[in-house]
Amino acid sequence: MILEIILAAGCFWGVQAAFDKLPGVLSSEAGYSGGYVENPSYETVSSGTTGHAEAVKIKYDTDKISTEEILDIFFQSHDPTSLNRQGPDIGTQYRSAIFYTTEGQKEIISKKIEEYTPYFDRPIVTEVLPAGSFWPAEDYHQNYFEKQGGSCSFHINERFLKKKLSEEQYHVLREKGTEAPFSGKYVTFDEEGVYRCAACGQKLFDSEAKFDSPCGWPSFDKALPGTVKIQKDFSHFMIRDEVVCARCGSHLGHVFQDGPTPTKERFCINSVALDFQSSAPEEKENKK
Ligand SMILES: [Zn+2]
């Protein structure tokens with residue numbers, strides 16, 4: 001199903017950059033929504049007198065990215081407890097808001113607010129309203145970061161992570177730590193399902209890619225397409241290929257080219273960096 005949703009989470013340049021390149025996102029457009037003035041401009045919206053929020057209209061294919069996933073990124077990439085302010089940007093035009101287009105989305109939004117509430121010290125103040133007029137912003141503001149040569153910006157909220165993750169998880173994922181070998185819960189674990197990033201929830205590895213390895217960490221022979229990034233790691237007097245989550249940049253482990261399967265790859269991943277989700281029958285039904 002093709003759906004639209006309008007999200008406001010501070011300056012729209014960053015919001016558009018966070019969503020625009022996601023698999024399943026068909027298009028995104030920066031603009032103004034939630035106000036009471038027709039044909040607003042950046043200047044009038046910035047004056048705070050039009051009632052509009054800087055927003056991004058996202059069109060997505062639910063077969064490839066679910067509304068839940070869109071909202072996970074939304075709630076993780078800004079501070080939904082901050083009223084009319086995101087970082088240095090202050091004013092009602094920078095408020096946190098979701099403008100939905102279907103009743104199904106509205107229900108999912110309420111569930112997500114419930115799910116995320118325990119991860120913050122203050123109440124979530126995100127405004128939730130049915131979508132009204134959306135006024136596209138001036139061309140200059142479309143894909144702004146991309147035009148500036150900026151990299152894909154999904155900046156995960158560290159305060160959210162500190163609350164969500166255990167100390168060990170935070171150390172591994174955000175400070176490039178390593179769990180002790182043979183200590184992780186997924187080392188000798190072989191249920192069917194999918195392993196997600198423990199920080200942002202993105203799916204990373206299918207259980208089919210997992211193999212028994214004597215190294216002491218869960219090992220996979222491939223990642224799901226486009227979900228991880230490999231970067232050089234020069235720490236500990238070695239040159240290794242570090243594996244990070246492509247969405248949130250969290251450290252997952254390392255990859256070596258000595259695997260026993262045809263891919264030859266051995267993704268050596270910390271258990272604490274992963275959240276396993278079983279493909280139990282009810283789960284499959286939900287996916288249709
Ligand atoms: Zn992640």
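Reader: Let's start with the layout. Into which domains is the protein chain divided?
Author: Into domain 1, residues 2-160, and domain 2, residues 165-281. Remember that this is a predicted model.

Reader: How far apart do the C-alpha centres of domain 1 and domain 2 lie?
Author: They lie 30 Å apart.

Reader: And how many residues does the contact take from each domain?
Author: Five from domain 1 and six from domain 2.

Reader: What kinds of residues are on the side of domain 1 that touches domain 2?
Author: Three are nonpolar, one is polar and one is charged.

Reader: OK, on to the core. How many residues has the largest nonpolar core?
Author: It has 65 residues. Leu-7, Ala-199, Cys-245 and Ile-269 have the most contacts inside it.

Reader: Which element gives the largest share of this core?
Author: Helix H1, with six residues.

Reader: Where does this core lie relative to the two domains, and why?
Author: It lies between them, because domain 1 (2-160) and domain 2 (165-281) both give residues to it.

Reader: Take Ala-199. What does it touch?
Author: Leaving out residues up to four places away in sequence, Ala-199 touches Ile-156, Leu-161, Leu-165, Leu-173, Cys-245, Cys-248 and Ser-250. Cys-245 is also among the core residues with the most contacts.

Reader: Back to H1. Is this helix mostly covered or mostly uncovered?
Author: Mostly covered. H1 spans residues 12-20, and eight of its nine residues are buried.

Reader: Which ones are buried?
Author: Phe-12, Trp-13, Gly-14, Val-15, Gln-16, Ala-17, Ala-18 and Phe-19.

Reader: What covers the buried residues of H1?
Author: The cover includes three strands, S1 (2-9), S2 (25-33) and S3 (53-61). Helix H3 (67-76) and helix H5 (144-147) are part of it too.

Reader: New topic: the sheet with S9. What is the strand order?
Author: S10-S9-S17. The three strands form an open sheet, and the pairing is antiparallel.

Reader: Which are the edge strands?
Author: S10 (203-206) and S17 (274-278), each of which pairs on one side only.

Reader: By how many degrees are neighbouring strands turned against each other?
Author: By 30 degrees on average, direction ignored.

Reader: How many bridges link S9 and S17?
Author: Five. S9 covers residues 193-197 and pairs with S17 in the antiparallel sense.

Reader: What stands opposite Val-194?
Author: Gln-277, in S17.

Note on methods. Residues are numbered from 1 along each chain as its sequence is written. This is a predicted model: local features need pLDDT of at least 70, side-chain atom pairs count only at pLDDT 80 or more; totals for chains, interfaces and linings use all residues. Two strands pair if DSSP finds at least two bridges between them. Helices (H or I, at least four residues) and strands (E, at least two) are DSSP runs, numbered from the N terminus. Axes are lines fitted to C-alpha atoms, for helices over the stretch in contact, and angles run from 0 to 180 degrees between N-to-C directions. Domain bounds come from an automatic or database domain assignment. Two residues are in contact if their C-beta atoms, placed from the backbone, lie within 7 Å. Ala, Val, Leu, Ile, Met, Phe, Trp, Tyr, Cys and Pro count as nonpolar, Asp, Glu, Lys and Arg as charged, and the others, Gly among them, as polar. A residue is buried if 20 or more other C-beta atoms lie within 10 Å of its own, exposed if 12 or fewer, and partly exposed in between; C-beta atoms are placed from the backbone. A nonpolar core is a set of buried Ala, Val, Leu, Ile, Met, Phe, Trp, Tyr and Cys residues joined through C-beta atoms within 7 Å.
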